[in-house]
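Me: I have a model open and want to learn how to read it. Can you take me through the features one at a time?

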Amino acid sequence: MEEENTPEQMEEKKKMAVSMCVCRGCPSFADCGEDIAFCFPTIGKSKCIKEEKGCACPSCPVYTKMSLKKDYYCTRASEKEQMGM
Ligand code: SF4
Ligand code: SF4
């Protein structure tokens with residue numbers, strides 16, 4: 001299904017994910033001005049979050065909307081990468 005997304009559609013989805021992302025309220029979060037929504041395939045791991053002190057992803061609307069299964073996208077990589085895709 002995702003293969004059918006045009007680059008413009010991916011950009012739209014990314015903006016939506018970033019706007020709904022609850023990472024900023026998470027105990028592991030560290031702000032270095034980068035894009036959040038680390039679960040998103042074109043975003044992936046954080047450059048500055050290093051310590052896993054809890055993950056708020058399961059309570060995020062994007063998590064439900066995109067039927068995500070994993071967590072700690074900031075330290076462990078996007079959903080697709082964690083799934084080995
Ligand atoms: S699932 Fe996690 S990484 Fe993805 S948008 Fe929500 S809080 Fe951010
Ligand atoms: S991906 Fe999870 S652990 Fe990382 S900042 Fe977002 S909510 Fe916190």
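Me: Start with the disulfide. What is the handedness of the link of C32 and C48?

Reply: A disulfide is a pair of cysteine sulfur atoms within 2.5 Å. The link of C32 and C48 is left-handed, with -85 degrees about the S-S bond. Their sulfur atoms are 2.2 Å apart. Both cysteines lie in the loop between helix 1 (7–20) and helix 2 (61–65), so the pair ties together parts that are 16 residues apart in sequence. One disulfide is what a search of the whole structure finds.

Me: What should I know about the model and its numbering?

Reply: This is a predicted model: local features need pLDDT of at least 70, side-chain atom pairs count only at pLDDT 80 or more, and totals for chains, interfaces and linings use all residues. Residues are numbered from 1 along each chain as its sequence is written, chains are lettered from A and ligands numbered from 1 in the order in which they are written, and side-chain values use heavy atoms, with hydrogens and water left out.

Me: Which residues surround ligand 1?

Reply: Here, a residue is near a molecule if one of its heavy atoms lies within 4 Å of it. For ligand 1 the residues are C21, V22, C23, A37, F38, C39, C57, C60, V62, Y63, L68 and Y73. Classes come next: Ala, Val, Leu, Ile, Met, Phe, Trp, Tyr, Cys and Pro count as nonpolar, Asp, Glu, Lys and Arg as charged, and the others, Gly among them, as polar. The shell around ligand 1 has 12 nonpolar residues, no polar and no charged.

Me: And which residues surround ligand 2?

Reply: They are C23, C26, S28, I49, G54, C55, A56, C57, Y72, Y73 and C74. This shell divides into nine nonpolar, two polar and no charged residues.

Me: Where does ligand 2 sit?

Reply: On a 1 Å grid over the protein atoms alone, a cavity is a set of points where a 1.4 Å probe fits but cannot get out. A molecule sits in a cavity if more than half of its atoms lie within 2 Å of its grid points. Ligand 2 sits in the largest cavity.

Me: How many helices and strands does the protein chain have?

Reply: Helices (H or I, at least four residues) and strands (E, at least two) are DSSP runs, numbered from the N terminus. The protein chain has four helices and zero strands.

Me: What backbone feature do S67 and Y72 show?

Reply: Look at phi. S67 has a positive phi of about 50 degrees although it is not a glycine. Y72 likewise has a positive phi of about 50 degrees and is not a glycine. S67 lies in the loop between helix 2 and helix 3 (73–76). Y72 is in the loop between helix 2 and helix 3, and Y72 is buried, at 14%.

Me: Is E51 buried or exposed?

Reply: E51 has 53% relative accessibility, so it counts as exposed. E51 is found in the loop between helix 1 and helix 2.

Note on methods
1 Å grid on protein atoms, 1.4 Å probe; cavity = no way out; pocket = protein on both sides within 12 Å on 5 of 7 lines; lining within 4 Å. Buried < 20%, exposed > 50% of the residue type's maximum accessible area, 1.4 Å probe, protein only.
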